[in-house]
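Subject: Structure handover

Hi,

Here is the structure I promised you. Please open it beside this email and follow along.

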Amino acid sequence: MTKKKNRFVCQECGYESPKWMGRCPSCGNWNSMIEEREPVRIPGTAVKLNQKREKAVPITRVEKLDQPRSDTGMRELNRVLGGGLVPGSFILVGGDPGIGKSTLLLQATHQLAKRGMPVLYVSGEESAEQIRLRAERLGALDDRVMVASETDLTAIESLLEETRPKLVVIDSIQTMFHPEVTSAPGSVSQVRECTGQLMRWAKEKGIAIIIVGHVTKAGAIAGPRMLEHMVDSVLYFEGERHHTYRVLRAVKNRFGSTNEIGVFEMKETGLSEVGNPSEMFLSGRPVGVPGTAVTASMEGTRPVLVELQALVTPTSFATPKRMATGVDPHRVTMIMAVLEKRLGFFLQNQDAYLNVVGGVRLDEPAVDLSIAVSLASSFRDRATSPHDLFIGEVGLTGEVRAVSRIEQRVAEAFNMGFRRVIFPEKNRRGWTPPQGMELIGVSALGEALEVALGG
């Protein structure tokens, strides 16, 4: 008789160990090792190999696949997906609980069903009656949307054969289980096996499959890291539950550009699209108040104008506090060191707080100049002009370096009513600015502060 063996698997990273450990040696999380039964192969049974073998052919002889994208009926979602839904694509959508993932997908399936696409919506967290109640509230009822409350992957396969859908939504992957895997639903083994099976269905049958993934406290997709590597696209739905605006961001996309964003507003009737995010982020901007600066950040292929607010105030402690929301705090500390060393700002006895208005996160270095200007504006208690825009990367020697896609940034600023742009001098060549826009090229941080603050 074959002896049954158990193993301990980390539910955060998938590390396996023959014995229990309080702390995972791979990811460092505590109490994440769960006991699972190791599958044992019956002696004498051979592994069935696929009789059809693929042959290697020159890449120039491989036939092109014509994959027309399907319009989801939501412009912002189309932008994030790269132009629409690709047949046979495998998409992972993650986000905090209650952020609106299920609402977004139910609205998207309704729009696709209106365009003639059969859809299967499988929920492991809600009953069919609950899904209908939410669909009625959103006005998303359609006969082409088939719903089922199921968690067994073999039963879902039978549903696929019966309904023949072109799009399948699995909400969520952590609730699904495969009968041949002995571990509990949501474990690393179950998530890995279920995701692998769904990926095979998507590629073999040409069905677009969207799965919803839970996130951890750190904001990452729960389960093994390989989950994000297996799918074609990874979309994060971000935003504060107590605010109405939501941002859908693509962090991986095999069919389009990454870091593309779509902006939505949560209302009683569901999610509505925000066609002009710059106007949303700049609404309510104070005029004549020190410590504010506006920059243009590229989110994928879209330029977005955002406001940065800084507050520099004397500290009562020996070590000043540095806090930043929406940007890398280390980047802010570095820029403050440049202000001290190169321009003589005495910030060692000052607390510094920096915030990106609107809850958006900025990762590119082109926002460095606006960070420096907002900090200097608050420190000197001098307000910047409400019609000025600041673009540029700041180096450790105090130079202002060139950035990419300056044409799109300046064009968006002109459309939003800005009439003066302070930007790197090296970005001046090779393009024609909009008529009526004043461009001031600077090569050093001191020159930029002279223009923005008058010294």
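Helix α2 (residues 101-114) and helix α3 (residues 128-138) pack at an angle of about 70°, and their axes lie 11 Å apart. That makes α2 and α3 roughly perpendicular to each other. The cut-offs are these: under 35 degrees is roughly parallel, over 145 roughly antiparallel, 65 to 115 roughly perpendicular, and the rest oblique. Axes are lines fitted to C-alpha atoms, for helices over the stretch in contact, and angles run from 0 to 180 degrees between N-to-C directions. From α2, the contact uses Ser102, Thr103, Leu106 and Gln107; from α3, it uses Ile131, Arg134, Ala135, Arg137 and Leu138. Contact means heavy atoms within 4.5 Å. By type, the contact residues of α2 with α3 are four nonpolar, three polar and two charged. Here Ala, Val, Leu, Ile, Met, Phe, Trp, Tyr, Cys and Pro count as nonpolar, Asp, Glu, Lys and Arg as charged, and the others, Gly among them, as polar.

A word on the source. This is a predicted model: local features need pLDDT of at least 70, side-chain atom pairs count only at pLDDT 80 or more, and totals for chains, interfaces and linings use all residues. Residues are numbered from 1 along each chain as its sequence is written, and side-chain values use heavy atoms, with hydrogens and water left out. Helices (H or I, at least four residues) and strands (E, at least two) are DSSP runs, numbered from the N terminus.

Next, the salt bridges. A salt bridge is a side-chain nitrogen of Lys or Arg within 4 Å of a carboxyl oxygen of Asp or Glu. The count by this rule is 20. One of them joins Glu126 to Arg134, at 2.4 Å from N to O. Is Arg134 buried or exposed? Arg134 counts as buried, at 10% relative accessibility. Buried means under 20% relative accessible area, exposed over 50%, and partly exposed in between (1.4 Å probe, protein chains only).

Glu161 and Lys205 form another salt bridge, at 3.2 Å from N to O. This pair links distant parts of the chain: Glu161 sits in helix α4 (residues 153-163) and Lys205 in helix α5 (residues 188-205), 44 residues apart. Glu161 is partly exposed at 36%. Lys205 is partly exposed at 38%. Arg164 joins Glu161 and Lys205 in a network of salt bridges.

Now the strands. An open sheet of four strands runs in the order β13-β14-β16-β15, with mixed pairing. Its edge strands are β13 (292-299) and β15 (322-325), and each pairs on one side only. Two strands pair if DSSP finds at least two bridges between them. β15 runs parallel to strand β16 (residues 350-356), and four bridges join them. Thr325 stands opposite Asn355 in β16. Helix α9 (residues 368-380) packs on this sheet and touches β13, β14 (302-314) and β16; its direction makes about 30° with that of β14. Helix α10 (residues 406-415) also packs on the sheet, touching β13 and β14, and its direction makes about 80° with that of β14.

Last, look at strand β9 (residues 233-238). Five of its six residues are buried, so β9 is largely enclosed by the rest of the structure. Strand β4 (residues 90-95) pairs with β9 in the parallel sense over five bridges. Strand β10 (residues 245-253) pairs with β9 in the antiparallel sense over six bridges. There, Leu235 has Ala250 of β10 as its bridge partner.

Best wishes
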